[in-house]
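Try each task before you read its solution.

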Amino acid sequence: MIERLNHVAIAVHDLEAAIELYRDVLGADVSEPVDLPEHGVTVSFVTLDNTKIELLHPLGNNSPIMSYLNKNASGGIHHLCYEVKDIFKARDDLLKKGMRILGTSEPKPGAHGKPVLFLHPKDFCGTLIELEQI
Ligand code: CO
């Protein structure tokens, strides 16, 4: 079902500082920040040869990453994103296996305009998992 690792997301308190860290200290290619109001986050992508790092910053008052940042003073790894070929097939299969999908279980457009779903961290070794249809 899952294929390549699409990205690792890191929640950050200061997006500009995180961009400078990856760009100037680590010498990586970092995109301009993009607001995603439907996900309550602003994101910047660090592009590496084999994957991406998504720098996540809260947008608006009820951002889903706020509680995570409140518990993690330095920020931290927030989720892993795996690619799938057919997100509806993956969803139906996971629900059949008793896994929980966050929200309405309806895929929403993610940071690249492609449909994404989030899987409950308690069902996956304490890791929030994003599935993205490629
Ligand atoms: Co993501």
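**Exercise 1. Find Lys71 and decide: is Lys71 buried or exposed?**

Step 1. Look in helix α2, which is where Lys71 sits; helices here are DSSP runs of H or I with at least four residues, strands are runs of E with at least two, and both are numbered from the N terminus.

Step 2. Check the relative accessible area of Lys71, which is 69%, so Lys71 is exposed. The cut-offs are under 20% for buried, over 50% for exposed and partly exposed in between, with a 1.4 Å probe and protein chains only.

Step 3. Now jump to Ile129: Lys71 and Ile129 are 58 residues apart in sequence, and their C-alpha atoms are 19 Å apart in space.

A word on the ground rules: residues are numbered from 1 along each chain as its sequence is written, and side-chain values use heavy atoms, with hydrogens and water left out. This is a predicted model, in which local features need pLDDT of at least 70 and side-chain atom pairs count only at pLDDT 80 or more, while totals for chains, interfaces and linings use all residues.

**Exercise 2. Work out which residues hold the cobalt ion.**

Step 1. List the protein donors: His7 (NE2), Glu54 (OE), His79 (NE2) and Glu130 (OE), at 2.0 to 2.3 Å from the cobalt ion. Donors are N, O and S atoms within 2.8 Å of the metal (3.2 Å for Na, K and Ca); water is not among the atoms, so sites may look incomplete.

Step 2. Write the spacing of the donor residues along the sequence: H-x46-E-x24-H-x50-E. Glu54 belongs to strand β5 and His79 to strand β6, so this pair ties together parts that are 25 residues apart in sequence. Glu54 and His79 are both buried.

Step 3. Name the geometry. The angles among the four donor atoms run from 84 to 173°, and the site is irregular. Four donors count as tetrahedral if all angles lie between 85 and 135 degrees; four count as square planar and six as octahedral if opposite donors are over 155 degrees apart and all others between 65 and 115; anything else is irregular.

**Exercise 3. Describe the largest pocket and the second largest pocket.**

Step 1. Start with the definition. On a 1 Å grid over the protein atoms alone, a pocket is an open set of points where a 1.4 Å probe fits, with protein on both sides within 12 Å along at least five of seven lines; lining residues have an atom within 4 Å of a point. Points are joined across faces, edges and corners, and the volume is the space filled by probe spheres set on them.

Step 2. Take the largest pocket, with about 500 Å³ of space. Its lining has 25 residues, and His39, Pro64, Leu102, Lys108 and Phe118 lie nearest the centre. Two or more lining residues come from each of β4 (41–47), β5 (52–58), β6 (76–84) and β8 (115–119), and β8 gives the largest share, three residues.

Step 3. Sort that lining by class: 13 nonpolar, seven polar and five charged. Ala, Val, Leu, Ile, Met, Phe, Trp, Tyr, Cys and Pro count as nonpolar, Asp, Glu, Lys and Arg as charged, and the others, Gly among them, as polar.

Step 4. Move to the second largest pocket, at about 250 Å³. Lys71 turns up again here, in a lining that includes Pro64, Tyr68, His79 and Gly126. The elements giving two or more residues are α2 (66–71) and β6.

**Exercise 4. Which phi values are positive in Ser105 and Cys125?**

Step 1. Recall that most residues other than glycine have a negative phi.

Step 2. Read off Ser105, whose phi is near 70°. Ser105 lies in the loop between α3 (87–96) and β7 (108–109) and is buried, at 16% relative accessible area.

Step 3. Do likewise for Cys125, with a positive phi of about 60°, in the loop between β8 and β9 (129–133).
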